[in-house]
Amino acid sequence: MTKKSFNAAVLPRMRAFAGRLIDREDMVLAGLSGGADSVCLLHFLRYLAREKHFALAAVHVNHGLRGKDASADQRFCKKLCNELDIPFFCEKVNVKKLAKEFDLSPEHAARKARYHAFLKTARAWGATKLALGHHLDDQAETFLLNLLRGTRAKGLAGIPVRRALDKKVEIVRPLLCVTRAETEEYLHQNGLSFVTDKTNTDDAFTRNWVRGTLLPMLETKQPQIRAHLALLAQEMAALLEKKK
């Protein structure tokens, strides 16, 4: 796909979707891990900020779990923000300590610590929105993951497009309208590099097994399964919203 055809096919969808989540003069803090989805998000928001005139900064959370690799990710994120002329914040957290203290799995502890760090930075900078890079594939994975865990109806609504982080900060997910393949194509078309977390392929984490084994298996029977699951989650969220 050429850049011209990609921009014509995908960018209008991204702009329209994000335009409903971010307002003029918002203060948008983007979560930046250095992975493909977060780099795509940050670069796209930089483009959108010029059009809609909102402030943009990035926050990276170093979980302290991967030694030199974690430090390398932090340096990558700082360098990227310097190149894009975007304010950069970094929070270091001790996930192992948190997991032991509250008897949590490393995955759960990392998520808890990450969102605490996000909120701390958002409050300090004065953010009105926290933008995260979840995409359509993440939505499909979450639907199946929650189903496997024995969720109630709320879990089948998947990842919310927007929700309150606290009274003054709202979480928004501008990339839920695009697939993982489309975010990677965006990076390719814009000549952007990213880092790869080796733990993303470790099947000891159930989400990785869903991503690498279960979904590909389901795709052999239904090639559009990811889009179907994401749409089902969207419809479930709408139904639950009506019942409030």
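These are my notebook entries on a predicted model, taken topic by topic.

**Entry 1. Salt bridges**

I searched the whole structure for salt bridges and got 16. I then went through some of them one by one.

I looked at Arg 15 and Glu 51, whose side chains meet in a salt bridge at 2.9 Å, N to O. Arg 15 belongs to helix H2 and Glu 51 to helix H3, so this pair ties together parts that are 36 residues apart in sequence. I checked accessibility at both ends. Arg 15 is partly exposed, with a relative accessible area of 33%, and Glu 51 is also partly exposed, at 38%.

I moved on to Glu 141 and Arg 180, where the side chains form a salt bridge at 3.0 Å, N to O. Here too distant parts of the chain are linked, since Glu 141 sits in helix H7 (residues 136–148) and Arg 180 in helix H8, 39 residues apart. Is Glu 141 buried or exposed? I found 0% relative accessibility for Glu 141, and it therefore counts as buried, the cut-off being under 20%.

Arg 162 is partly exposed, at 36% relative accessibility.

**Entry 2. Arg 173**

I wanted to know what a buried arginine has around it. Arg 173 is in the loop between strand S6 (170–172) and helix H8 (180–189). Which side chain of opposite charge is nearest to Arg 173, and how far away is it? I found Asp 138, at 8.0 Å. Arg 173 is buried but has no salt bridge; the limit for one is 4 Å.

I listed the contacts of Arg 173, leaving aside neighbours within four places in sequence. They are Phe 17, Leu 21, Tyr 115, Leu 132, His 134, Ile 159, Pro 160 and Val 161.

**Entry 3. Helix H8**

I checked which residues of H8 are buried. They are Glu 182, Thr 183, Tyr 186, Leu 187 and Gln 189. Residues three or four places apart in an α-helix point the same way, because there are 3.6 residues a turn. What covers the buried residues of H8? The cover includes helix H1 (3–9), helix H2 (11–19) and helix H3 (36–52). Just after H8, I found Gly 191 with a positive phi of about 60°.

**Entry 4. Leu 130**

I looked up Leu 130, which lies in strand S4 (residues 129–131). Its relative accessible area is 0%, so Leu 130 is buried. Which residues does Leu 130 contact, leaving aside neighbours within four places in sequence? I have Leu 29, Gly 31, Phe 118, Leu 165, Val 169, Glu 170, Ile 171 and Val 172.

**Entry 5. Second largest pocket**

I put the volume of the second largest pocket at about 160 Å³. Its lining is made up of Glu 91, Lys 92, Val 93, Asn 94, Lys 97, Leu 98, Glu 101, Ala 113, His 116, Ala 117 and Lys 120. The elements giving two or more residues to this lining are strand S3 (88–92), helix H5 (95–102) and helix H6 (106–125). H6 gives the most, with four residues. I sorted the lining by type and got four nonpolar, two polar and five charged residues.

Most residues other than glycine have a negative phi. I noted two with a positive value.

His 53 has a phi of about 60°. It lies in the loop between H3 and strand S2 (55–62), and at 45% relative accessibility His 53 is partly exposed.

Asp 103 has a phi near 55°. Asp 103 lies in the loop between H5 and H6. Is Asp 103 buried or exposed? I found 71% relative accessibility, so Asp 103 counts as exposed.

Note on methods
Residues are numbered from 1 along each chain as its sequence is written. This is a predicted model: local features need pLDDT of at least 70, side-chain atom pairs count only at pLDDT 80 or more; totals for chains, interfaces and linings use all residues. Side-chain values use heavy atoms; hydrogens and water are left out. On a 1 Å grid over the protein atoms alone, a cavity is a set of points where a 1.4 Å probe fits but cannot get out, and a pocket is an open set with protein on both sides within 12 Å along at least five of seven lines; lining residues have an atom within 4 Å of a point. Grid points are joined across faces, edges and corners, and a volume is the space filled by probe spheres set on the points. Ala, Val, Leu, Ile, Met, Phe, Trp, Tyr, Cys and Pro count as nonpolar, Asp, Glu, Lys and Arg as charged, and the others, Gly among them, as polar. Buried means under 20% relative accessible area, exposed over 50%, partly exposed in between (1.4 Å probe, protein chains only). Lys and Arg count as positive and Asp and Glu as negative; His and the chain ends are not counted. Contact means heavy atoms within 4.5 Å.
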